[in-house]
Amino acid sequence: FIEKGFETFNGINGTIFSVRSELDLSDNDLKCNNLTNLSNKANIISKEYKFTELNNEIKTKLININDYIKFNNDEENIYVILCNITFDKKILNNLNLNKLINLNVDEIEKKFIKDYSKIYNLVIIND
(Lines give C-alpha, C1' and ligand atoms only; values in the text may rest on other atoms or scores of the structure.)
Protein backbone atom coordinates (compact mmCIF):
# COMPACT_ATOMS: atom_id res chain seq x y z
CA PHE A 1 0.00 0.00 0.00
CA ILE A 2 1.40 3.40 -1.00
CA GLU A 3 -0.16 6.51 0.46
CA LYS A 4 0.35 9.66 -1.57
CA GLY A 5 0.55 13.05 0.04
CA PHE A 6 2.29 16.38 -0.13
CA GLU A 7 5.31 16.77 2.11
CA THR A 8 4.42 20.39 2.72
CA PHE A 9 1.57 22.58 1.58
CA ASN A 10 3.65 25.78 1.55
CA GLY A 11 3.71 27.32 -1.91
CA ILE A 12 1.18 24.86 -3.40
CA ASN A 13 -1.99 26.25 -4.99
CA GLY A 14 -4.86 24.30 -6.47
CA THR A 15 -7.64 25.20 -8.86
CA ILE A 16 -10.74 23.73 -7.31
CA PHE A 17 -14.12 23.44 -8.97
CA SER A 18 -17.35 23.36 -7.02
CA VAL A 19 -20.10 21.56 -8.92
CA ARG A 20 -23.66 21.71 -7.60
CA SER A 21 -26.23 19.42 -9.17
CA GLU A 22 -29.58 17.92 -8.29
CA LEU A 23 -28.51 14.81 -10.23
CA ASP A 24 -25.96 12.22 -9.16
CA LEU A 25 -22.98 12.66 -11.49
CA SER A 26 -20.74 9.85 -12.68
CA ASP A 27 -16.98 9.66 -12.19
CA ASN A 28 -16.56 10.38 -15.88
CA ASP A 29 -18.75 13.52 -15.65
CA LEU A 30 -16.54 14.78 -12.85
CA LYS A 31 -13.27 14.66 -14.79
CA CYS A 32 -11.87 18.16 -15.22
CA ASN A 33 -11.88 18.03 -19.01
CA ASN A 34 -15.58 16.98 -19.01
CA LEU A 35 -16.89 19.74 -16.73
CA THR A 36 -17.76 22.02 -19.66
CA ASN A 37 -20.25 19.36 -20.81
CA LEU A 38 -22.13 19.76 -17.52
CA SER A 39 -22.94 23.45 -17.87
CA ASN A 40 -26.65 22.76 -18.49
CA LYS A 41 -26.91 20.12 -15.70
CA ALA A 42 -24.96 21.82 -12.93
CA ASN A 43 -23.83 25.09 -11.41
CA ILE A 44 -20.02 25.20 -11.70
CA ILE A 45 -17.69 27.62 -9.95
CA SER A 46 -13.89 27.53 -9.99
CA LYS A 47 -11.39 29.27 -7.74
CA GLU A 48 -7.69 29.00 -6.97
CA TYR A 49 -6.83 28.26 -3.34
CA LYS A 50 -3.63 28.02 -1.36
CA PHE A 51 -3.49 24.49 0.07
CA THR A 52 -2.47 25.90 3.46
CA GLU A 53 -5.89 27.60 3.67
CA LEU A 54 -7.94 24.45 2.99
CA ASN A 55 -9.38 22.21 5.69
CA ASN A 56 -7.66 18.90 6.47
CA GLU A 57 -10.29 16.71 4.78
CA ILE A 58 -9.82 18.49 1.47
CA LYS A 59 -6.01 18.51 1.81
CA THR A 60 -5.85 14.76 2.39
CA LYS A 61 -8.42 13.70 -0.20
CA LEU A 62 -7.52 15.99 -3.10
CA ILE A 63 -4.01 14.90 -4.07
CA ASN A 64 -4.23 14.16 -7.81
CA ILE A 65 -5.91 16.00 -10.65
CA ASN A 66 -9.56 14.81 -10.99
CA ASP A 67 -9.79 13.75 -7.33
CA TYR A 68 -13.11 14.82 -5.89
CA ILE A 69 -15.15 14.85 -2.70
CA LYS A 70 -18.94 14.57 -2.68
CA PHE A 71 -21.11 16.38 -0.14
CA ASN A 72 -24.88 15.99 0.10
CA ASN A 73 -27.51 18.32 1.39
CA ASP A 74 -31.29 18.00 1.12
CA GLU A 75 -31.62 19.71 -2.24
CA GLU A 76 -28.46 18.94 -4.20
CA ASN A 77 -25.13 17.14 -4.49
CA ILE A 78 -22.01 19.22 -4.13
CA TYR A 79 -18.78 17.97 -5.69
CA VAL A 80 -15.40 19.55 -4.97
CA ILE A 81 -12.87 18.67 -7.69
CA LEU A 82 -9.13 19.37 -7.93
CA CYS A 83 -8.35 20.37 -11.52
CA ASN A 84 -4.91 21.99 -11.40
CA ILE A 85 -1.92 22.19 -9.07
CA THR A 86 0.66 24.97 -9.20
CA PHE A 87 3.59 25.59 -6.91
CA ASP A 88 6.10 28.27 -6.04
CA LYS A 89 9.31 27.00 -7.63
CA LYS A 90 11.52 28.98 -5.22
CA ILE A 91 9.91 27.33 -2.16
CA LEU A 92 10.16 23.86 -3.76
CA ASN A 93 13.83 24.33 -4.65
CA ASN A 94 14.56 25.55 -1.12
CA LEU A 95 12.78 22.50 0.35
CA ASN A 96 14.81 20.13 -1.86
CA LEU A 97 18.06 21.89 -0.91
CA ASN A 98 17.20 21.64 2.80
CA LYS A 99 16.42 17.92 2.45
CA LEU A 100 19.76 17.34 0.71
CA ILE A 101 21.66 19.27 3.39
CA ASN A 102 19.91 17.37 6.21
CA LEU A 103 20.64 14.02 4.54
CA ASN A 104 24.34 14.90 4.20
CA VAL A 105 24.54 16.17 7.79
CA ASP A 106 23.01 12.90 9.06
CA GLU A 107 25.54 10.85 7.08
CA ILE A 108 28.47 12.95 8.37
CA GLU A 109 27.22 12.60 11.95
CA LYS A 110 26.90 8.80 11.65
CA LYS A 111 30.37 8.51 10.15
CA PHE A 112 31.87 10.77 12.84
CA ILE A 113 30.28 8.74 15.65
CA LYS A 114 31.38 5.46 14.07
CA ASP A 115 34.96 6.64 13.55
CA TYR A 116 35.52 8.31 16.93
CA SER A 117 33.31 6.39 19.36
CA LYS A 118 35.94 3.70 19.94
CA ILE A 119 38.82 6.16 20.21
CA TYR A 120 37.10 8.26 22.89
CA ASN A 121 35.11 5.43 24.56
CA LEU A 122 31.76 6.98 23.70
CA VAL A 123 28.84 5.90 25.85
CA ILE A 124 25.43 6.64 24.34
CA ILE A 125 22.71 7.34 26.89
CA ASN A 126 18.97 7.35 26.05
CA ASP A 127 19.35 5.74 22.65
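Trainee: How many disulfides does the count come to?
Mentor: The count comes to 1 disulfide, taking a disulfide as a pair of cysteine sulfur atoms within 2.5 Å. Cys32 is joined to Cys83, S to S 2.1 Å. This is a predicted model, where local features need pLDDT of at least 70 and side-chain atom pairs count only at pLDDT 80 or more, while totals for chains, interfaces and linings use all residues. Residues are numbered from 1 along each chain as its sequence is written, and side-chain values use heavy atoms, with hydrogens and water left out.

Trainee: Where do Cys32 and Cys83 sit in the chain?
Mentor: Cys32 is in the loop between S1 and S2, and Cys83 is in strand S4 (residues 77-87), 51 residues apart. Strands here are DSSP runs of E, at least two residues, numbered from the N terminus.

Trainee: Why is the disulfide called left-handed?
Mentor: Because the torsion about the S-S bond of Cys32 and Cys83 is about -95 degrees.

Trainee: Are Cys32 and Cys83 buried or exposed?
Mentor: Both are buried, meaning under 20% relative accessible area with a 1.4 Å probe, protein chains only.

Trainee: Different topic. What does Asn34 contact, leaving aside neighbours within four places in sequence?
Mentor: Asn28 and Asp29, where contact means heavy atoms within 4.5 Å. A polar atom of the Asn34 side chain lies 2.7 Å from the backbone oxygen of Asn28.

Trainee: And which loop holds Asn34?
Mentor: The loop between strand S1 (12-21) and strand S2 (43-50).

Methods: Helices (H or I, at least four residues) and strands (E, at least two) are DSSP runs, numbered from the N terminus. A polar contact is a pair of N or O atoms within 3.5 Å; within protein, one must be able to donate a hydrogen and the other to accept it, and residues adjacent in sequence count only if both atoms are side-chain atoms. Buried means under 20% relative accessible area, exposed over 50%, partly exposed in between (1.4 Å probe, protein chains only).
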